[in-house]
Amino acid sequence: MPAEPWMYRSATRPTLAGAAAAALLSLNGALLSGGCSLVNEVTACNSSAHEVRVNQRGDQSEFINHPKSVAQLIGSNRIVVAFSSQTAGSATSEVRIALLDASSGERAVTCNGDFDSTLSDPNVVAYAPSVAAVNLTISGMAAHAAVSWIENKSDPRVRVLFVDERGCPLGKPTSPLTEPGTPTSGATLAWSPVRKALYVAFHDFKRILLTQYVDQLPQPPLVVASPYSVDQLTTIAFGADGRGLIGWPEHPSGAALLEGEVVIRAALLNPDG
């Protein structure tokens with residue numbers, strides 16, 4: 001169960017990115033007093049590190065438009081990269097995945113025989129894919145990753161799809177919220193090694209919701225919070241001990257929404273999710 005949400009607020013009405021960065025720095029300062037840090041220097045793995053082209057087709061413009069779009073499979077050197085692809089002026093876009101080798105950086109062939117494959121319906125607008133490594137059995141087959149994305153702009157819906165080690169879909173995409181006619185958005189995936197479950201953090205523009213998958217179909221969602229208004233991505237992560245954190249940006253009131261004020265809230269999750 002989640003603890004009472006805590007909040008970071010700035011009187012300067014920061015942008016979402018600025019508020020998130022300030023909240024992270026504030027949290028990092030608190031952690032430093034305990035001898036640990038969230039902020040670390042990022043360096044190349046080795047002196048010979050080089051860029052690798054992820055997508056193969058290059059038939060459209062490709063975008064990484066989610067902060068959790070890369071995951072290394074559990075017990076494997078294989079990495080899954082999720083991205084969206086769209087042609088300028090097109091009324092549709094696709095969510096695609098590619099596979100990389102963590103040791104060499106080279107691309108691996110997906111189950112369709114190419115270096116990337118489309119997971120979403122190519123006839124709709126699909127964007128903001130998130131990916132997480134999992135260790136589940138779906139339809140009698142081993143699921144190694146899950147990918148979520150948002151379909152449609154005017155009436156958005158979150159979709160979740162499990163794939164095997166080669167990126168082959170296991171079944172059809174599902175929705176983490178089964179309430180008919182309710183739009184959903186802002187999804188992020190996270191795997192809990194303690195609960196052995198995939199968690200989906202998302203919102204319906206009025207509620208922050210958390211759903212878990214232990215098989216093909218989702219469990220009933222938990223309402224984490226009911227903010228005045230939320231319209232951005234959520235974020236979620238779990239530690240090795242099963243404790244987690246779910247965070248989201250929100251407009252705390254009608255006046256704040258009109259003025260563009262954004263606050264960052266977060267709730268801690270205990271080991272049972």
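A residue is called buried under 20% relative accessible area, exposed over 50% and partly exposed in between, with a 1.4 Å probe and protein chains only. The model is predicted, so local features need pLDDT of at least 70 and side-chain atom pairs pLDDT 80 or more, while totals for chains, interfaces and linings use all residues. Residues are numbered from 1 along each chain as its sequence is written, and side-chain values use heavy atoms, without hydrogens and water.

**View 1. Aromatic pair of Phe162 and Tyr213.** The structure holds 2 aromatic pairs; rings of Phe, Tyr and Trp (its six-membered ring) pair if their centres lie within 6.5 Å, and planes under 30 degrees apart count as stacked, over 60 as edge-to-face and the rest as tilted. Phe162 and Tyr213 are edge-to-face, with 5.7 Å from centre to centre and 70° between the planes. Phe162 belongs to strand E10 (residues 157-163) and Tyr213 to strand E13 (residues 208-213), 51 residues apart. Strands are DSSP runs (E, at least two residues), numbered from the N terminus. Tyr213 counts as buried because its relative accessibility is 0%; Phe162, at 2%, is also buried.

**View 2. Aromatic pair of Tyr199 and Phe238.** The ring centres are 4.9 Å apart and the planes stand at 45°, so this pair is tilted. Tyr199 is in strand E12 (residues 197-203) and Phe238 in strand E15 (residues 235-238), so the pair ties together parts 39 residues apart in sequence. Tyr199 is buried at 3% relative accessibility, and Phe238 is buried at 16%.

**View 3. Lys153 and the ring of Tyr127.** The charged end of Lys153 sits over this ring, 4.0 Å from the ring centre. A charge sits over a ring if NZ of Lys or CZ of Arg is within 6 Å of the ring centre and within 35 degrees of the ring normal.

Key: Helices (H or I, at least four residues) and strands (E, at least two) are DSSP runs, numbered from the N terminus.
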